[in-house]
Amino acid sequence: MHYLPFLSTLVTFAFAVAVFIRYLRRPAPHLLLWTIGLLFYGVGTLAEIILAFSFHGLVLKLWYLSGAMLTAAWLGQGSVHLLIRKPGLAWTLTGLLAAVSLLSAGLVLSAPVSAAASSYNTALAISSQYKSILTRSGLTIALTIILNLYGTLVLVGGAVYSAVIFFRKHAQVNRMIGNILIAVGAMAPAMGGTFVTMGLPDLLYLSELIGVILMYIGFIQSTVPPRRAAGPDTAG
C-alpha cells in the first residue's frame, strides 16, 4: 500500500493551496495557520514516499517532527484563532507553540540515528522499528504527547462545538456537516500512532489518506456561501 502516501501528498498539498488562496482573498490568522499545519502534513506523507524507497536519517527525522509532532498542533492552533475572540490570547498561544515547535525541531534534528539504520528494511523505518532507529529523549516523547493532545483536542473539539451550534440554530446545514467531517477526519490520522506502534504502517497510510480527504471535503462544505448568517464561521 505504499502508493497511498502518493495520494495523501497530492491531496494534502492541493488542500493547502486551496486554504492559502482563501487566505489571500480573505486574510485571517486561522487560514494561515491551517495552511502551515497542512504543509507539515504534506511533508510527513512526502517523507513516507522517500522512506519507502531508501532510508535517510534526516528524512526519518522530518517525518517524525512534521507528522508525529507538529501537524495536529498547528492545525489545532488555527482553530484556536477561529474560536477565541481575544486576539491577544490567541497570538500568545501561537507564540508559545512556535517556541515549543523550535525546541522540538532542535531535539529531533539533533537526535542520534542508529549506526545500523541503513541495514533496516526501509518499510520498517516508519513502523515500530523507528523507535530503535531514532533515539528520542524523554523530553521529546513528552512534547510529542502534549502537542498531539493539544492539537487533536482543539481541532476536533472546535469542529464538534461549531457543528453543535449550527445544529441548534437549524441553519447552515452545510457548515454543520462540514465541521463533522473535519472532526472525523482529524481523528483518523490521530490514530496513526497506534497503528505505527502495532507495526502496521499500511493502516497509518490509509488513515492519513482518509483523514485528509474528509477534512478537505469538510472545508469545502464549510466555505459554501451561507444562505443566511447564523453561528460562527468555522472555516473562514
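User: In which helix is Thr9 found?

Analyst: The model is predicted, so local features need pLDDT of at least 70 and side-chain atom pairs count only at pLDDT 80 or more, while totals for chains, interfaces and linings use all residues. Residues are numbered from 1 along each chain as its sequence is written, and side-chain values use heavy atoms, with hydrogens and water left out. Helices (H or I, at least four residues) and strands (E, at least two) are DSSP runs, numbered from the N terminus. On that basis Thr9 falls within residues 4–25, which is helix H1.

User: Is Thr9 buried or exposed?

Analyst: Buried means under 20% relative accessible area, exposed over 50%, and partly exposed in between (1.4 Å probe, protein chains only). The relative accessible area of Thr9 is 8%, so Thr9 is buried.

User: Which residue has its backbone nitrogen 3.4 Å from a polar atom of the Thr9 side chain?

Analyst: Contact means heavy atoms within 4.5 Å. Leaving aside neighbours within four places in sequence, Thr9 is in contact with Gly42, Thr45, Leu46 and Ile49. The backbone nitrogen at 3.4 Å from the polar side-chain atom of Thr9 belongs to Leu46.

User: Which element gives the most to the nonpolar patch?

Analyst: Tyr3, Phe6, Leu7, Leu10 and Phe53 make a nonpolar surface patch of about 580 Å², with accessible areas from the Shrake-Rupley method, a 1.4 Å probe and, for residues, only the protein chains shown as cover. Phe6 is partly exposed because its relative accessible area is 38%. The element that gives the most, with three residues, is H1.

User: How far apart in space are Ala90 and Val80, C-alpha to C-alpha?

Analyst: Ala90 lies in helix H4 and counts as buried because its relative accessibility is 1%. Leaving aside neighbours within four places in sequence, Ala90 is in contact with Gln77, Val80, His81 and Ile84. Ala90 and Val80 are 10 residues apart in sequence, and their C-alpha separation is 6.3 Å.

User: Which side chain is joined to that of Thr94 by a polar contact of 3.0 Å?

Analyst: Thr94 is also placed in helix H4, and is buried because its relative accessible area is 7%. A polar contact is a pair of N or O atoms within 3.5 Å; within protein, one must be able to donate a hydrogen and the other to accept it, and residues adjacent in sequence count only if both atoms are side-chain atoms. The contacts of Thr94 beyond four places in sequence are Leu33, Trp74, Gln77 and His81. The polar contact of 3.0 Å is with the side chain of Gln77.

User: Where in the protein is confidence lowest?

Analyst: Confidence is given per residue by the predictor as pLDDT, from 0 to 100. The protein averages 81, and 80% of the residues score at least 70. The highest mean, 94, is in helix H4 (residues 87–109), and the lowest, 65, is in residues 192–197, helix H8.

Notes:
Patch = residues over 30% accessible without salt bridge, like charges linked within 9 Å, V, L, I, M, F, W, Y side chains within 5 Å. Salt bridge = Lys/Arg side-chain N within 4 Å of Asp/Glu carboxyl O.
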